[in-house]
Amino acid sequence: MSENKNLVVVKQKPQLPMVIEENGLYSYLDSIKRFPVLTEEEEKKLIYDFQTKGDLVSAQKLITSHLRLAAKIALTYRRYGLPMADVISEANIGLMQAVKKFDMDKKVRLATYAMWWIKAAINDYILRSWSLVKIGTVAAQKKLFYNLNRIKARLGLYENKELEPKVVKQIAGELMVEEEDVTEMNRRLGGDVSLNVTVGDDDDSAEKIDMVVDSRENIEAKFASREENRYKAKILSNCLQRLDSREQYIIKNRMLTDTPSTLEDVGAHLNISRERVRQIEKKAFDKLSAEVKKEMAA
């Protein structure tokens, strides 16, 4: 297999369309329709030329012909509240990795293989984006993210609705996480749940909203919560100072704001490519997470 098949060059090809901003999403989706769908024979030849000759033009054609697949998968992650431009970018990175690592001996089409790489890239991005919100439960969040739907399917729970307390307890015990984390992740993965659905079979049954318990904190609980948040904010602020100025800017504008900047916007501000922003973001996040864990353990 040729050592020249470096997809970094492919990523920088100007022919690849990019989602410049959120309101450019429809333009992007329309632009990728111009790339033809490959027949199985065409696909095999392109893969062969790329793997044996290091032909980057063949790799380019393989990537562009599957951009619609990457976008289709990315759009299923709309409910996570993250910029779709970035989600699609991460999906495309997963697609590029799939093209780079594809093995024809697997005897499956590239699309089948690429689907898993695309989802893995998006899942990794989502976990990176969520982790700073709940610093102390990164491992639990990751475990739930990858296993909750699988366990629900095994239990025959296919609807996106609130889990019964006994089910929450069962899942929490199986994954060794807090019950509150199970409930929260189920809501995140299932989207919004209406409070106006009835909780019984009768026409005059109460609605879910009527059964919601008043969970407002008392004064003491509010004070304790405020103090805990201040403590965590202080730790995070101290740890941020250990990053260089560019890393701090990326973390603050990508992860510590209600309206995250896109990779494109941050790259334009720092005069670097969006791919370089993504690399620095991952490295800075790993460094920051390590520093935070060290502080909280002290």
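Of the 50 residues that make up the largest nonpolar core of this predicted model, those touching the most other members are Val87, Leu95, Val99, Ile118, Ile122, Ile171 and Val182. Apart from this core lies another, of 11 residues, which includes Ile235, Ile251, Met255 and Ala284. When contacts between residues at least 6 apart in sequence are considered, 63% of them join residues at least 24 apart.

Helix 6 covers residues 84–101, 18 residues in all, and from its first C-alpha to its last it reaches 26 Å, close to the 26 Å expected at 1.5 Å a residue. Because 15 of those 18 residues are buried, helix 6 is largely enclosed by the rest of the structure. Valine 99, one of the core residues already named, is in contact with Phe50, Ala59, Leu62, Ile63 and Leu110, once its neighbours within four places in sequence are left aside.

With a relative accessibility of 1%, leucine 62 counts as buried, and, not counting residues up to four places away in sequence, leucine 62 touches Leu38, Glu43, Leu46, Ile47, Val99 and Leu110. Leucine 38, among these partners, is 24 residues from leucine 62 in sequence, while the two C-alpha atoms are 8.2 Å apart in space. Serine 58 also lies in helix 4, which spans residues 56–64. Serine 58 is a polar residue by name, and its position can be asked about directly: is serine 58 buried or exposed? Serine 58 has a relative accessible area of 3% and is therefore buried, the cut-off for that class being under 20%. Leaving aside its neighbours within four places in sequence, serine 58 is in contact with Leu46, Asp49 and Phe50; Leu46 is also touched by leucine 62, and Phe50 is also a contact of valine 99.

Since phenylalanine 102 lies in the loop between helix 6 and helix 7 (110–131), and tyrosine 113 lies in helix 7, the pair ties together parts that are 11 residues apart in sequence. Phenylalanine 102 counts as buried at 4% relative accessibility, and tyrosine 113 is likewise buried, with a relative accessible area of 15%. Tyrosine 113 also forms an aromatic pair with tryptophan 117, and here the arrangement is tilted, with 6.5 Å from centre to centre and 55° between the planes. Both tyrosine 113 and tryptophan 117 lie in helix 7, 4 residues apart, which is about one turn of the helix. In an α-helix there are 3.6 residues a turn, so residues three or four places apart point the same way. Tryptophan 117 is partly exposed, its relative accessible area being 28%. Through these ring pairs, Phe102, Tyr113 and Trp117 are linked into a cluster.

Helix 9, which runs over residues 165–175, has Val167, Val168, Ile171, Ala172 and Leu175 as its buried residues. Seen down the axis of helix 9, these buried residues fall within an arc of 130°, so they line one face of the helix. On the other side of helix 9, the exposed residues are Pro165, Lys166, Lys169 and Gly173. Ile171, on the buried face, is also among the residues that touch the most other members of the largest nonpolar core.

Just after helix 9, methionine 176 takes a positive phi of about 60°. Asparagine 271 also has a positive phi, near 60°, in a residue other than glycine. Most residues other than glycine have a negative phi. Asparagine 271 is found in the loop between helix 14 (263–270) and helix 15 (274–297), and with a relative accessible area of 72% asparagine 271 is exposed.

Methods. Residues are numbered from 1 along each chain as its sequence is written. This is a predicted model: local features need pLDDT of at least 70, side-chain atom pairs count only at pLDDT 80 or more; totals for chains, interfaces and linings use all residues. Side-chain values use heavy atoms; hydrogens and water are left out. Helices (H or I, at least four residues) and strands (E, at least two) are DSSP runs, numbered from the N terminus. The expected span of a helix is 1.5 Å times one less than its number of residues. Buried means under 20% relative accessible area, exposed over 50%, partly exposed in between (1.4 Å probe, protein chains only). Contact means heavy atoms within 4.5 Å. A nonpolar core is a set of buried Ala, Val, Leu, Ile, Met, Phe, Trp, Tyr and Cys residues joined through side-chain atoms within 4.5 Å. The arc is that of the directions from the helix axis to the C-beta atoms. Rings of Phe, Tyr and Trp (its six-membered ring) pair if their centres lie within 6.5 Å; planes under 30 degrees apart count as stacked, over 60 as edge-to-face and the rest as tilted.
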